[in-house]
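I opened a new notebook page for this structure.

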Amino acid sequence: MLEKLLRKKTAAPDRSITERIAAVKSKQVPAHVAIIMDGNGRWAKRRNLPRIAGHHEGMKTVRKITRIANELGIKVLTLYAFSTENWKRPKMEIDFLMKLPGEFLSTYLPELVEQNVKVEMIGNFEMLPDHTKHAIQRAMEATADNDGLTLNFAMNYGSRLELVESFKEIATLIADGSISVEDIDESLIGSHLMTAHLPEPDLLIRTSGEVRLSNFMLWQVAYAEFSFTDVLWPDFNASCMLSAIEDFQLRNRRFGSLEGDGNV
Ligand code: IPE
Ligand code: IPE
Ligand code: MG
C-alpha cells in the first residue's frame, strides 16, 4: 500500500509536466526563445569538479531543452554557447568548449534529424578550429531540409562584432552606389545581421543569477521579454523552461502602445 502511494507520488511530477505542456500549448507560445546558458563553471565548483565537467553536464541540458522546445512548438531556439569574449579564458577550457559541438552532434545528430530539428549557427565561423567547423557544417547539412524547430547555436558570437560587420556591409553598398544613405532604416540594418532570416526573440532567458546581456543580441532583443533565474544551466530542466514560458504568457507586451493597458 505504502509502496503504491509512493509510486503515485513520484509519477505525479511527470503527469503535471504533461499537463503544463498542454496548457502552455493552448496559449500563444513564443516563436523565438533565446537562452544565455550560464553557470556551468559554478555548477562544477560546487561539486569540487573541474569547470569542464560543468560544460559537459550543460551539454545534456541542451538536449533536454531542445526536446521540450520542439514539443512546445517553439520555432527558433537560440543558445548562446560561446561569446567573442570567451577567448579570454584559459586555453584548456577553450579547447574543451570547442570540442563540445563535435561531441554533442555526434551523439545527438540522429535524434535531431528524427525530430525534424534544423541546426544553424550565428557567430564568426571562420575563427573556429577546423574540427568544430566540420561538426557544425555536417549537422547543418544533415538537417538542412528539416522544417521543425531551428536550433540556432550562437558560437563565437558577439553582438557588437555582428553590428560592426553589418555596418561595414552597408557602407560598402553605399560606396559602390548600390544604395543611398536614405535607404538605411531599421529593416535594412536588421537584414544585414546574422539573424536576418529569423524572427526577433520573444523571450530571452538567462540562467545562473547574472542579470546582464554579455554582448548578446543587443539589437534583436529590443522588445523581448526577459526571464532571469538563479538556476545554473546544468540544473535547468523542462520544468524551469515551462515556468519561464508560463510567466511569459502572463506578460502584457505593449511594444510602446497602450494596448492591453487596464488604465485605458
Ligand atoms: C556558461 O558557463 C558557458 C560559457 C560561457 C561557455 P560559464 O562557464 O560562464 O559558468 P560560470 O558563469 O563561470 O559559472
Ligand atoms: C555569456 O556568459 C556567454 C555565454 C553564455 C556563452 P559569460 O559567463 O561569458 O558572461 P560574463 O563574463 O559573466 O558576462
Ligand atoms: Mg558565466
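**Loop and pocket notes**

I began with Asn 215, which sits in the loop between E5 and E6. The model is a predicted one, and I read it as such. I looked up the backbone of Asn 215 and found phi near 65 degrees, a positive value in a residue other than glycine.

Next I took Ser 214. I placed Ser 214 in the loop that runs between strand E5 (203–206) and strand E6 (225–228). For Ser 214 I noted phi near 45 degrees, again positive, and again in a residue other than glycine. The relative accessible area of Ser 214 is 31%, so I put Ser 214 down as partly exposed, since that label covers values between 20% and 50%.

**Phe 153**

I then turned to Phe 153 and found it in strand E4, which spans residues 150–157. With a relative accessible area of 14%, Phe 153 is buried, because the value is under 20%. Which residues does Phe 153 touch, leaving out those up to four places away in sequence? I listed Val 62, Leu 79, Phe 104, Val 119, Glu 120, Met 121 and Ile 122. I also checked Phe 153 against Arg 51: 102 residues separate them in sequence, and their C-alpha atoms are 21 Å apart in space.

**Largest pocket**

I looked up the largest pocket and wrote down about 710 Å³ of space. Its lining is made of 33 residues, and those nearest the centre are Met 37, Asn 40, Tyr 80, Ala 81 and Phe 82. Which elements give two or more residues to this lining? I noted helix H2 (40–46), helix H3 (51–72), strand E2 (76–83), helix H4 (91–114) and E4. Sorted by class, the lining of the largest pocket has 17 nonpolar, 8 polar and 8 charged residues.

**Second largest pocket**

For the second largest pocket I recorded a volume of about 190 Å³. What lines the second largest pocket? I found Lys 27, Gln 28, Val 29, Pro 30 and Ala 31, together with Asp 202, Phe 248, Gln 249, Arg 251 and Arg 253.

Definitions and conventions:
Residues are numbered from 1 along each chain as its sequence is written. Chains are lettered from A and ligands numbered from 1 in the order in which they are written. This is a predicted model: local features need pLDDT of at least 70, side-chain atom pairs count only at pLDDT 80 or more; totals for chains, interfaces and linings use all residues. Side-chain values use heavy atoms; hydrogens and water are left out. Helices (H or I, at least four residues) and strands (E, at least two) are DSSP runs, numbered from the N terminus. Buried means under 20% relative accessible area, exposed over 50%, partly exposed in between (1.4 Å probe, protein chains only). Contact means heavy atoms within 4.5 Å. On a 1 Å grid over the protein atoms alone, a cavity is a set of points where a 1.4 Å probe fits but cannot get out, and a pocket is an open set with protein on both sides within 12 Å along at least five of seven lines; lining residues have an atom within 4 Å of a point. Grid points are joined across faces, edges and corners, and a volume is the space filled by probe spheres set on the points. Ala, Val, Leu, Ile, Met, Phe, Trp, Tyr, Cys and Pro count as nonpolar, Asp, Glu, Lys and Arg as charged, and the others, Gly among them, as polar.
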